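Trainee: Could you take me through this model before I start on it myself? I would like to go from the overall fold down to single residues.

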Amino acid sequence: MAPRRRSPSSPPATPVPAGGATSAGEGSLAAATSEDLVRELLRRLGEDPTREGLRKTPLRVAQSLAYLTAGAAKAPKDVLNGAVFEHDADEMVVVRDIEVYSLCEHHLLPFFGRAHVAYLPRGKIVGLSKLPRIVDCFARRLQVQERLTMQIAEAVEEILAPAGVGVVIEAAHLCMMMRGVEKQNSRAVTSCMRGRFRTDARTRQEFLQILRGPTV
Ligand SMILES: [Zn+2]
């Protein structure tokens, strides 16, 4: 086996207990790097992590998982960059078809689709490009679609104190498509309606109508 590389700062390897799950030189799980853990996972999947195609896989997987969950360290306010403005109008603002890519927290498999975000301003609006950033902030975490939908609505509510917020997400879940029930064409649709979107059927209808309308 290839010699194990260690960064100088990592603690010395502790002896592996007989029958222990860790591989030689790995030390305790807590001391292992994400790369070490992915390498071990590959072994348990019956792979040889030293073969050419897999040699850099532990690093790539560790980096990509860090990227895909980076939203957990962010608050929606961090992504706004102060782009909240005073504005008098009270017409509905809708940004639809925002691409969503997230990871289901039950299987660590992607779910992806489109988010539609609407609000009724009450004195304040936010730069349009900031709504997709708010979506990303919550999508780049281990998620369930229901919570993602709610967190986006709550963030818009908190930032703008609007008269109402509506969020709809339609997504395909790879954990449903590739395993489990193996349904390729089903989509999960979740919605969260707050304020006037909840209490006023006409406001809600207007929003849903816009979602059904033609794309540009
Ligand atoms: Zn899942």
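Mentor: Let us talk through the fold, the sheet, the core and a few residues in turn.

Trainee: What should I know about the ground rules?

Mentor: This is a predicted model, in which local features need pLDDT of at least 70, side-chain atom pairs count only at pLDDT 80 or more, and totals for chains, interfaces and linings use all residues. Residues are numbered from 1 along each chain as its sequence is written.

Trainee: What pLDDT does the protein average?

Mentor: The protein averages a pLDDT of 89, and 88% of the residues score at least 70, pLDDT being the predictor's confidence in each residue, from 0 to 100. Over residues 1-22 the pLDDT is below 50, and beyond near neighbours in sequence this stretch has 14 contacts in the model, a contact meaning that the C-beta atoms of two residues, placed from the backbone, lie within 7 Å.

Trainee: How many helices and strands are there?

Mentor: The protein has 7 helices and 7 strands, where helices (H or I, at least four residues) and strands (E, at least two) are DSSP runs, numbered from the N terminus. Along the sequence they follow the pattern α-α-β-β-β-β-α-β-α-β-α-β-α-α. Among contacts between residues at least 6 apart in sequence, 66% join residues at least 24 apart.

Trainee: In what order do the strands of the open sheet come?

Mentor: The order is E5-E2-E3-E6-E7, with 5 strands and mixed pairing; two strands are counted as paired if DSSP finds at least two bridges between them. Strand E5 (142-143) and E7 stand at the edges, and each has a single partner strand, so one side of each is left without a neighbour in the sheet.

Trainee: What about E6 to E7?

Mentor: Those two run antiparallel with 8 bridges, and Ser191 in E7 is the bridge partner of Val168. E6 is mostly covered, since 8 of its 10 residues are buried; a residue is buried if 20 or more other C-beta atoms lie within 10 Å of its own, exposed if 12 or fewer, and partly exposed in between, with C-beta atoms placed from the backbone.

Trainee: Switching to the core, which residues have the most contacts inside the largest one?

Mentor: Those are Ala115, Val117, Val135, Ile152, Val156 and Val167, in a nonpolar core of 30 residues, that is, a set of buried Ala, Val, Leu, Ile, Met, Phe, Trp, Tyr and Cys residues joined through C-beta atoms within 7 Å. The elements that give two or more residues to this core are strand E2 (93-104), strand E3 (110-120), helix H3 (130-139), H4, strand E6 (164-173) and strand E7 (188-195). Leaving aside neighbours within four places in sequence, Val167 is in contact with residues including Ala115, Val117, Ile152 and Cys192.

Trainee: Why is Gln145 called buried?

Mentor: Gln145 counts as buried because 21 other C-beta atoms lie within 10 Å. Gln145 lies in helix H4 (residues 145-160), and beyond its neighbours within four places in sequence it is in contact with Phe111, Ile169, Ala171, Ala188 and Thr190.

Trainee: Which residues of H1 are buried?

Mentor: In helix H1 (residues 34-44) they are Asp36, Val38 and Arg39. They cover an arc of only 165° around the axis, which puts them on the same side of H1; the arc is that of the directions from the helix axis to the C-beta atoms. What covers them includes helix H2 (57-68).

Trainee: And is Leu41 buried or partly exposed?

Mentor: Leu41, also in helix H1, is partly exposed, because 14 other C-beta atoms lie within 10 Å. Leu41 and Pro58 are 17 residues apart in sequence and 9.2 Å apart in space, C-alpha to C-alpha.
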